[in-house]
Amino acid sequence: MLSLRKLTFFSLLAVLFLSACNEEAGAAQPEETKEKETAVEEQIETEENVTVDEKEETEQARTETFPLTGEATAEKADHRALSVMVNNHPKARPQSGLSQADIVYEVLAEGQITRFLALFHSDIPDTIGPVRSARPYYFEIADGFDALYTYHGASTSINQQVAGSGVDYLDGAMYDNNGWLFERSSDRAAPHNSYLLTEGVEQAVANKGYDESGEPEALPFAEEGSFEGTPVDDVQITYGSRTNVSFTYDAAKEQFLRSSDGEPTIDRLNEERVAVENVWIIEADHRIIDNAGRRAIDLTSGGNGYLLQKGQMKEVEWKNVDGRLLPYKDGSPLAFTPGKTWVNIIPGNAAVESE
């Protein structure tokens with residue numbers, strides 16, 4: 001049996017031997033191996049930094065909002081808005097794409113039938129329409145959002161006005177039923193059957209040399225609970241004997257549900273009821289300017305209006321601010337509730353009734 005002293009001696013020799021082997025192995029390690037280890041460490045550090053950067057970008061994207069709805073998005077919102085003239089003749093109903101529009105402007109064209117200018121930015125459906133002809137006050141509204149103005153046909157004089165206005169535009173008469181930008185449906189008669197195929201817009205914009213980028217300036221949006229008005233369940237807007245528009249408040253969804261002439265407004269694409277968070281009614285001067293009944297509408301002078309949000313209605317004023325028709329009260333600007341907006345521009349003799 002070894003004594004304790006001898007055991008300790010041999011243990012110490014073993015430790016010294018192993019240490020010497022490790023040092024020798026380290027001294028004999030090729031320089032190339034050390035370089036590889038350094039490269040691997042640098043790659044790991046780079047990957048960790050990239051992961052951190054991507055996480056920061058994702059967090060930043062989550063805090064972005066769509067400028068025309070005020071709603072949060074994880075997507076980039078740096079593209080232009082698309083505006084489309086949509087037919088509202090009874091033979092054109094139900095329309096396609098309206099439920100996905102951020103903002104819809106409803107204005108009289110000829111006679112007592114309204115026409116829509118629908119603005120799309122946060123969500124762009126595959127098909128929009130039926131698309132109808134241009135009018136000056138519609139492309140004035142589109143210009144306030146620097147939106148691509150899309151319509152189907154117009155008189156020679158109005159086409160000249162569109163071309164001379166500086167607005168970027170696509171005229172469906174130049175692409176009629178070409179299969180990639182405009183398409184005629186077989187189940188409706190012209191002029192109620194021309195539809196915009198949005199998949200082709202990018203190609204058409206490139207062909208025209210228009211700029212595709214540049215999101216619209218954001219509308220003012222309010223925080224929760226900042227709007228106070230008179231409670232309202234239903235609002236009726238009567239343009240005349242041929243056009244009655246109503247909005248019924250759905251308290252559960254906190255949205256106003258639209259109807260036309262007593263019939264719910266349904267989107268033909270998805271069969272959804274058109275519902276909005278804001279109803280913005282603007283009273284403006286209307287004048288008949290020709291034998292065809294075309295109108296000139298004063299969208300610059302300001303005037304009276306009504307703003308509806310959260311089941312409440314408030315009498316306000318409107319002002320044109322850089323081409324946009326915005327609500328004011330006692331000289332101070334008001335904000336919209338985040339979500340979709342429907343704008344009714346009415347003549348002074350139109351009736352607005354609430355329950």
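Colleague: Which strand does Gln255 lie in?

Modeller: Gln255 lies in strand β14, residues 255–260. Strands here are DSSP runs of E, at least two residues, and helices are runs of H or I, at least four, numbered from the N terminus. This is a predicted model, where local features need pLDDT of at least 70, side-chain atom pairs count only at pLDDT 80 or more, and totals for chains, interfaces and linings use all residues. Residues are numbered from 1 along each chain as its sequence is written, and side-chain values use heavy atoms, with hydrogens and water left out.

Colleague: Is Gln255 buried or exposed?

Modeller: Gln255 has a relative accessible area of 18%.

Colleague: Which residues does Gln255 touch?

Modeller: Leaving out residues up to four places away in sequence, Gln255 touches Thr248, Tyr249, Asp250, Ala275, Val276 and Glu277. A contact means heavy atoms within 4.5 Å. The side chains of Gln255 and Glu277 also make a polar contact of 2.8 Å. A polar contact is a pair of N or O atoms within 3.5 Å; within protein, one must be able to donate a hydrogen and the other to accept it, and residues adjacent in sequence count only if both atoms are side-chain atoms.

Colleague: Switching to charges. How many salt bridges are there?

Modeller: The count is nine. The rule is a side-chain nitrogen of Lys or Arg within 4 Å of a carboxyl oxygen of Asp or Glu.

Colleague: What does Asp261 pair with?

Modeller: Asp261 forms a salt bridge with Arg93, with the closest N and O atoms 3.1 Å apart. The two are 168 residues apart: Asp261 is in the loop between β14 and β15, Arg93 in the loop between β3 and β4. Asp261 is partly exposed at 34% relative accessibility, and Arg93 is partly exposed at 23%.

Colleague: And what about Glu254?

Modeller: Its side chain meets that of Lys310 in a salt bridge, 3.0 Å from N to O. Lys310 sits in the loop between β20 and β21, Glu254 in the loop between β13 and β14, 56 residues apart. Lys310 is partly exposed at 25%, and Glu254 is partly exposed at 38%.

Colleague: Now the whole chain. How many helices and strands?

Modeller: Five helices and 25 strands. Buried residues make up 44% of the 355 residues. Among contacts between residues at least 6 apart in sequence, 61% join residues at least 24 apart.

Key: Buried < 20%, exposed > 50% of the residue type's maximum accessible area, 1.4 Å probe, protein only.
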